[in-house]
Amino acid sequence: MNANNNEVLLRVEDLKMHFPIYRGVFQRQVGAVRAVDGITFDVYRGETLGLVGESGCGKSTAGRTILQLYKPTSGNVHFEGVDLVRLKGEEMRRMRRKMQMIFQDPYASLNPRMTVGQLVGEPLMVHNVASGAEIAERVAHLLEVVNLNPAFATRYPHEFSGGQRQRIGVARALALNPSFIICDEPISALDVSIQAQVVNLLEDLQEQFNLTYLFIAHDLSMVRHISKRVAVMYLGVFVELADRDELYANPLHPYTQALLSAVPIPDPIADAKRKRTILEGDVPSPANPPSGCRFRTRCPIAQPQCAESRPEFREVQPGHFVACHLVN
Amino acid sequence: MSKHEKLLQIKNLTLHFRTQKGDVQAVDGVDFELDYNRAVVILGESGCGKSSLAKAILRLLPRNVSKYSGSIIFEGNDVMQLSDEEYRQNVRWVAMSLVPQAAMNALNPVIRVGDQVAEPAVVHLGLSKTEALQPALKMFRHVGVPDDFIDRYPFELSGGMRQRVAIAMALVTSPGLIILDEPTSALDVLTQANIFNVLKRIKQELGTSFILITHDIATSSELADDVAVMYAGQIVEVSDARRFFIEPLHPYSQKLMASVPRLRQEHDPDFITGQPPSLLNPPKGCRFAARCPKRFEKCSEEPPVIEQDGRKVKCWLYA
């Protein structure tokens with residue numbers, strides 16, 4: 001749960017992912033979208049790190065860059081002590097078995113022309129870890145693990161509800177016995193009545209297989225239920241990272257405070273009583289981020305110094321990191 | 001305009017679609033009422049027929065309708081009796097308008113947003129294109145879009161701004177009722193909060209009524225005066241929002257409310273096992289019975305609508 005008794009599974013150091021922008025007849029590079037612009041953090045074995053932020057803040061790109069699905073512009077990603085950025089070819093392929101991803105939209109991420117058996121068995125085949133009858137056996141076992149009937153293996157994705165489809169996605173991610181799974185908004189496409197079912201499944205599997213999750217989401221309420229620590233991202237950078245209870249009880253960054261105060265409460269009486277800071281304006285373009293602190297253009301307490309230098313992401317209390325000039 | 005008691009009364013509204021597998025009973029005998037300057041939220045899971053209900057009220061029907069009946073009484077007139085042309089001229093967008101689902105992606109990418117907002121005023125109020133820009137500009141101010149955005153194209157606007165433009169388009173003819181189908185589900189929490197503030201302000205300043213169709217229970221509580229819960233094509237509970245959010249009556253509403261993750265609560269959110277029934281051939285009796293923790297023998301018969309302290313619930317438990 002905290003830094004002193006846990007092994008670091010994943011260490012991300014100053015990771016940057018800039019996508020070039022080309023213009024004109026000669027397709028010269030005229031700029032870059034700084035989707036991820038220098039993030040540094042550790043993930044401990046067996047924990048769930050929640051990653052929240054508005055759409056377009058770079059949280060999905062961060063997840064994909066960590067898994068080396070994009071080639072990072074700079075920075076390091078150490079997984080079990082191995083620097084992934086330097087790995088190539090066969091070595092990288094072998095490493096990939098340990099790191100998997102669960103995708104956002106179970107309606108779009110499963111090939112409609114493959115049966116469930118083929119979908120869940122595909123990673124086994126691609127990585128040559130099983131063949132023939134062995135695959136069928138493993139698939140049946142995996143479907144059982146995610147509480148689906150093994151007989152479903154011959155069906156197609158369209159025959160399933162959203163929650164069941166997401167469980168197929170989970171079975172697929174589990175096929176290679178990974179130790180680390182990035183869950184990219186796994187429940188945001190599901191009805192609220194079944195979200196908790198998928199979250200509970202993820203929690204059970206975590207215990208059963210000692211999994212480590214990076215849980216990307218924009219729903220702060222659900223993140224609170226699954227995460228041990230929570231990181232808040234804004235425009236390509238981390239602005240705050242702390243233990244869950246600490247972050248929700250004592251948010252230090254003004255952006256985190258605004259996010260928390262915007263979360264709706266399904267209770268009109270309690271809702272009327274609380275004070276809310278509603279931020280105006282939109283997230284600036286990551287192709288042309290503001291100088292200094294990224295958040296200063298919308299920050300209710302911005303000072304002149306915020307435009308001058310970029311605030312360092314520093315540990316202000318044990319385990320509580322924040323990037324703001326105005327926090328002591 | 002003479003004031004009628006209710007702005008809108010819907011009685012036994014039914015909308016069935018013909019498909020290859022049989023009739024889909026998307027809306028099946030819906031009753032509810034809406035007062036002037038009130039907002040009713042229609043809550044339900046995906047596939048429960050809530051978007052079809054919006055289409056049924058606005059008579060925006062596809063070709064494969066097999067049954068469309070009931071009455072929709074708007075300010076004392078049963079608009080179901082009007083011909084399609086009369087309906088188009090006198091009701092749609094004049095009396096009530098729609099902010100469709102994913103409205104921010106429904107804008108025409110090659111037309112300036114100002115012209116798009118003005119279009120309903122041209123079509124339904126008979127204004128010229130230049131005249132119609134006046135009400136368009138007024139509505140831009142109401143929804144909080146800067147004046148100079150009127151000449152921009154949709155791609156130049158953020159998601160939240162495009163959603164505001166879609167709301168302005170529904171407002172431009174000054175209808176008494178606006179139906180919003182999932183107005184904020186594709187937006188971030190901060191933008192959601194902003195849009196709901198806009199809606200609250202419009203309700204206050206213009207006296208408009210809203211039907212808000214959503215699955216997002218937590219956000220809907222910000223605007224709701226009344227709540228109607230829809231399940232498998234039927235309304236199972238109608239209540240004022242205050243009492244509903246504290247103590248829902250129908251077992252489905254109770255389970256649904258318990259599924260909502262809250263920011264400050266220690267226990268984990270609940271979930272509902274199983275799936276909603278197919279609307280092709282819904283079960284006899286209570287449609288929620290198969291998933292209901294409180295079911296008993298009676299539930300195999302069609303439950304009556306029970307009235308209790310001004311709230312309505314379709315459940316045998318209260319009979």
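First, the ground rules. This is a predicted model, where local features need pLDDT of at least 70, side-chain atom pairs count only at pLDDT 80 or more, and totals for chains, interfaces and linings use all residues. Residues are numbered from 1 along each chain as its sequence is written, chains are lettered from A and ligands numbered from 1 in the order in which they are written, and side-chain values use heavy atoms, with hydrogens and water left out.

Let's start with the interface. Chain A brings 40 residues to the contact, and chain B brings 38. Contact here means heavy atoms within 4.5 Å. Together the two chains bury about 3400 Å². Buried area is the accessible area, taken with a 1.4 Å probe, that two parts lose on being put together, summed over both. Of that area, 56% is on carbon and sulfur atoms.

What about salt bridges between chain B and chain A? The count is 0. The rule asks for a side-chain nitrogen of Lys or Arg within 4 Å of a carboxyl oxygen of Asp or Glu. Polar contacts do turn up: 8 residue pairs across the interface, both residues at pLDDT 80 or more. A polar contact is a pair of N or O atoms within 3.5 Å; within protein, one must be able to donate a hydrogen and the other to accept it, and residues adjacent in sequence count only if both atoms are side-chain atoms.

Which helices of chain B supply at least two residues each to the side that touches chain A? They are α6 (189–206), α7 (217–220), α8 (241–246) and α9 (251–259). Helices (H or I, at least four residues) and strands (E, at least two) are DSSP runs, numbered from the N terminus. The largest share comes from α6(B), with 6 residues. By type, this side of chain B has 17 nonpolar, 12 polar and 9 charged residues. Ala, Val, Leu, Ile, Met, Phe, Trp, Tyr, Cys and Pro count as nonpolar, Asp, Glu, Lys and Arg as charged, and the others, Gly among them, as polar.

Next, the aromatics. Over all chains there are 13 aromatic pairs. Rings of Phe, Tyr and Trp (its six-membered ring) pair if their centres lie within 6.5 Å; planes under 30 degrees apart are stacked, over 60 edge-to-face, and the rest tilted. Tyr231(B) and Phe288(B) are edge-to-face, 5.2 Å centre to centre, with 85° between the planes. Tyr231(B) sits in strand β9, Phe288(B) in the loop between α9 and β11, 57 residues apart.

The relative accessible area is 0% for Tyr252(B) and 2% for Phe288(B). Over in chain A, Phe41(A), Phe238(A), Phe313(A) and Phe321(A) form one aromatic cluster.

Finally, two residues. His142(B) lies in helix α4. Is His142(B) buried or exposed? Buried, at 15% relative accessibility. Its side chain makes a 3.0 Å polar contact with the side chain of Glu205(B). Arg311(B) is in strand β12. At 4% relative accessibility, Arg311(B) is buried. Beyond four places in sequence, Arg311(B) touches residues including Glu237(B), Asp240(B) and Glu247(B).

Key
Buried means under 20% relative accessible area, exposed over 50%, partly exposed in between (1.4 Å probe, protein chains only).
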